[in-house]
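Me: I'd like to go through this model with you piece by piece. Can you take my questions as they come?

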Amino acid sequence: MSEKPLHAALKAWYAQPGDQLEARVDGYIIDIVRGDLLIEVQTRNFAAIKPKLLTLVPHHPVRLVYPLAREKWIVKLAQDGSRSSRRKSPKQGVIEQVFEELVSLPQLLAEPNFSTEVLFIQEEEIRCYTGRQRRRRKDWVAHERHLLQVVGCQLFKSPLDWMALIPDGLDEPFTVSDLAALGQPRWLAQKMVYCLREMGAIAPVGKRGRAVLYVRAIAYGQDTGTAHRAEPFRADRQRLYSPSDS
């Protein structure tokens, strides 16, 4: 009923012949049903869909599709609804930004029935003039997003896939600061480490001063290419910090 343009466009782009759209499964409306696979398109706020996913994942293969803007054009609308300006944003999205949303459901990333597909897109963000100044915000607010083009995608099926986002130049053991030093803002490195730890891709092995030290907890087998747990690994998964920790 309140579907936004970006969500509708992505659903239409992702659907294939034979898919069922807006089908009911276990009391929920599913964006796309492709055989046994349930596909949910979520443009933001993974926390809102978490209860639905927790119910469905134990019984069905579920894929969460998330758009990440590689390029964005900002369109400002005049009060009469006409375009007053259009400019390209200097910001370019990077795959690590998905961890901003994944902090809402990191444990699901280790579930065999759950996968995530990131779609790299070009989009327009439509901004409307409010006519009033708000604290710490400008008079223009984001109204909706429009899909221009899908330019790529990346599918994550297991913690091993997510662990591939750890930079190759990161020596072990490492801290959040070590990860941030390789090009990520510290706040994003914190979220990344939190998610990787919760899904079991990295494990805490001690401390350097007040900073927690981590190692990769999964590695490729040298002969078979299969994944196995690397030592040392803490099976108790004790919470040592949260993404909000400094």
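Predicted model: local features only at pLDDT ≥ 70, side-chain atom pairs only at ≥ 80, totals over all residues.

Me: Which strand holds Glu-22, the one with a positive phi?
Reply: Glu-22 isn't a glycine, yet its phi is positive, about 55 degrees. Most residues other than glycine have a negative phi. As for its place, Glu-22 belongs to residues 20–25, which is strand β1.

Me: And is Glu-22 buried or exposed, or partly exposed?
Reply: The classes run on relative accessible area: buried is under 20%, exposed is over 50%, and partly exposed is in between (1.4 Å probe, protein chains only). Glu-22 comes out at 38%, so Glu-22 counts as partly exposed.

Me: Where does Asn-45 lie?
Reply: Asn-45 also isn't a glycine, and its phi is positive, near 55 degrees. With a relative accessible area of 34%, Asn-45 is partly exposed. Its place is the loop between β3 and α2 (50–56).

Me: What makes up the secondary structure, and how many helices and strands are there?
Reply: The chain has 246 residues, and 45% of them count as buried. Its secondary structure comes to 11 strands and six helices.

Me: What share of the contacts joins residues at least 24 apart?
Reply: A contact means heavy atoms within 4.5 Å. Take the contacts between residues at least 6 apart in sequence; the share joining residues at least 24 apart is 60%.

Me: How many salt bridges does the structure hold?
Reply: The criterion is a side-chain nitrogen of Lys or Arg within 4 Å of a carboxyl oxygen of Asp or Glu. By that criterion, the count for the structure is 14.

Me: Which parts does the salt bridge between Glu-125 and Lys-72 tie together?
Reply: The two side chains meet at 3.3 Å, N to O. Lys-72 sits in β4 (residues 62–77) and Glu-125 in β6 (residues 114–129), so the pair ties together parts 53 residues apart in sequence. Glu-125 is buried at 10% relative accessibility, whereas Lys-72 is partly exposed at 22%. The strands you asked for are β4 and β6.

Me: Which residues are linked with Lys-72 in a network of salt bridges?
Reply: Lys-72 and Glu-125 are both members of a salt-bridge network. Besides Lys-72, its members are Glu-123, Glu-125, Arg-127 and Arg-145.

Me: Which residue forms a salt bridge with Arg-197?
Reply: Arg-197 counts as buried, at 3% relative accessibility. The closest N and O atoms are 2.7 Å apart, and the partner is Glu-198.

Me: Which helix holds Asp-178, the partner of Arg-208?
Reply: The side chains of Arg-208 and Asp-178 form a salt bridge, 3.3 Å from N to O. This pair links distant parts of the chain, 30 residues apart: Arg-208 is in strand β8 (residues 202–208), and Asp-178 is in helix α5 (residues 176–180).

Me: Which side chain makes a polar contact with that of Gln-122?
Reply: Gln-122 is in strand β6 and counts as buried at 16% relative accessibility. A polar contact is a pair of N or O atoms within 3.5 Å; within protein, one must be able to donate a hydrogen and the other to accept it, and residues adjacent in sequence count only if both atoms are side-chain atoms. At 2.5 Å, the partner is the side chain of Glu-71.

Me: What is the volume of the largest pocket?
Reply: On a 1 Å grid over the protein atoms alone, a pocket is an open set of points where a 1.4 Å probe fits, with protein on both sides within 12 Å along at least five of seven lines; lining residues have an atom within 4 Å of a point. Grid points are joined across faces, edges and corners, and the volume is the space filled by probe spheres set on the points. For the largest pocket, that gives about 1700 Å³.

Me: Which element gives the most to its lining?
Reply: The largest pocket is lined by 50 residues, with Leu-6, Thr-43, Arg-44, Glu-125 and Arg-145 nearest its centre. With seven residues, the element giving the most to the lining of the largest pocket is β4.

Conventions. Residues numbered from 1 in each chain as written. Heavy atoms only, no water. Helix = DSSP H or I, 4+ residues; strand = E, 2+ residues; numbered from the N terminus.
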